Amino acid sequence: MWWGVGAALVANALYSVGFVVEKRALGSLPALSAGRPLQVIRVLATSPLWIVGALALAAGFGAQLVVYRALPIAAAQGIFVSGLVLLLLLSSAVLGEESTGRERYALGGVLLALLMVVASVREGEDVVSGGAPWTLVLLVCVPALAAGVWLYVRVESLSAKRHRVPTSGIGYGVAVGLLYGVSSLAIKGTSSRLTTTDLGEAALSLLGSPYPYLLLFTAGAGLVMSQAALQRCRASLIVPVCTTVTCLFTAVLGTLAFGESLPEDPLLLALRVGGTALALSVLLAMPRHDPQPAAAG
């Protein structure tokens with residue numbers, strides 16, 4: 001279990017560094033639009049700094065594969081959320097971003113909620129699942145993908161209206177978080193298929209499942225959507241919101257889809273359910289718009 005915890009901490013560091021480096025690179029690039037995906041990819045490919053950030057995220061993906069082989073889904077999400085602390089420190093030191101008091105309280109509430117979720121996990125009592133019926137996985141993932149794309153398009157159309165208050169990125173974060181939640185389940189499913197040393201057998205098992213195709217879609221769509229949103233909004237807000245949605249989606253629906261049963265102990269069950277409810281409540285209460293700049297005297 002402890003080597004899984006170590007891999008999760010490494011993944012946290014890689015993801016935090018990757019997002020901050022990408023955000024830094026996006027500041028010097030032309031405006032990106034998710035409606036022009038090929039143009040987005042072409043522009044990103046011309047930035048060496050952005051490529052460094054993308055490589056860090058890819059390495060985090062590799063570490064995440066190790067995590068899901070060693071830890072229950074709910075426990076992994078609780079550790080992943082600790083990366084928000086490093087992200088906020090880096091975004092402040094490197095990007096000069098500052099969160100409002102309300103946002104800091106909200107992020108503290110999210111951290112508390114997800115710590116409640118991980119506190120509900122007990123070593124030796126929670127079993128790491130070896131797989132799930134792919135039909136059930138698709139039943140969970142396809143509606144989430146549709147909802148994420150719809151929400152992103154909705155936020156885009158609203159933000160394009162003239163005289164609209166600038167969005168803080170909450171909607172973008174939720175939309176991308178749903179896609180990354182599906183990606184997280186696909187990573188979990190992929191790790192469950194890589195249990196043999198026979199590469200041919202492992203490849204056939206993987207290609208016969210929906211996981212590589214879910215990963216391809218979420219990687220492509222998530223790349224375009226997340227980079228366009230990250231360019232417009234503060235990393236210190238959009239990434240924590242995205243992470244919250246991803247972790248909750250994976251912890252709740254992933255636990256059910258992969259058959260990792262909920263705690264039987266009433267206190268542990270209350271922690272897991274209460275943490276989920278608190279995180280959702282905090283997310284709904286966060287400001288939808290950035291404050292208007294003060295008028296010049």
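This is a predicted model: local features need pLDDT of at least 70, side-chain atom pairs count only at pLDDT 80 or more; totals for chains, interfaces and linings use all residues.
## An all-helix chain and its pocket

Leu9 is partly exposed, with a relative accessible area of 45%. Here, partly exposed is the range between buried (under 20% relative accessible area) and exposed (over 50%), using a 1.4 Å probe and protein chains only. Leu9 sits in helix H1.

Residues are numbered from 1 along each chain as its sequence is written, and side-chain values use heavy atoms, without hydrogens and water.

**The fold.** The protein chain has twelve helices and zero strands. Both are DSSP runs numbered from the N terminus: helices are H or I with at least four residues, strands are E with at least two. Of the 297 residues, 50% are buried. Take the contacts (heavy atoms within 4.5 Å) with a separation of 6 or more: 86% of them join residues 24 or more positions apart.

**The salt bridge.** How many salt bridges does a search of the whole structure find? It finds one. The term means a side-chain nitrogen of Lys or Arg within 4 Å of a carboxyl oxygen of Asp or Glu. Side chains of opposite charge can pair when their charged atoms come close. The partners are Arg232 and Glu156, at 2.1 Å, N to O. Arg232 lies in helix H10 and Glu156 in helix H7, so the pair ties together parts 76 residues apart in sequence.

| Residue | Relative accessible area | Class |
|---|---|---|
| Arg232 | 38% | partly exposed |
| Glu156 | 18% | buried |

**The largest pocket.** A pocket is an open set of points on a 1 Å grid over the protein atoms alone, where a 1.4 Å probe fits, with protein on both sides within 12 Å along at least five of seven lines. The largest one holds about 860 Å³ of space. Its volume is the space filled by probe spheres set on the points, which are joined across faces, edges and corners. The pocket is lined by 34 residues; closest to its centre are Tyr15, Phe19, Leu57, Gln64 and Tyr180. Lining residues have an atom within 4 Å of a point. Which helix gives the most to the lining? H10 does, with eight residues. Other helices supplying at least two residues include H1 and H8. The lining divides into 19 nonpolar, 14 polar and one charged. Nonpolar covers Ala, Val, Leu, Ile, Met, Phe, Trp, Tyr, Cys and Pro; charged covers Asp, Glu, Lys and Arg; the others, Gly among them, are polar.
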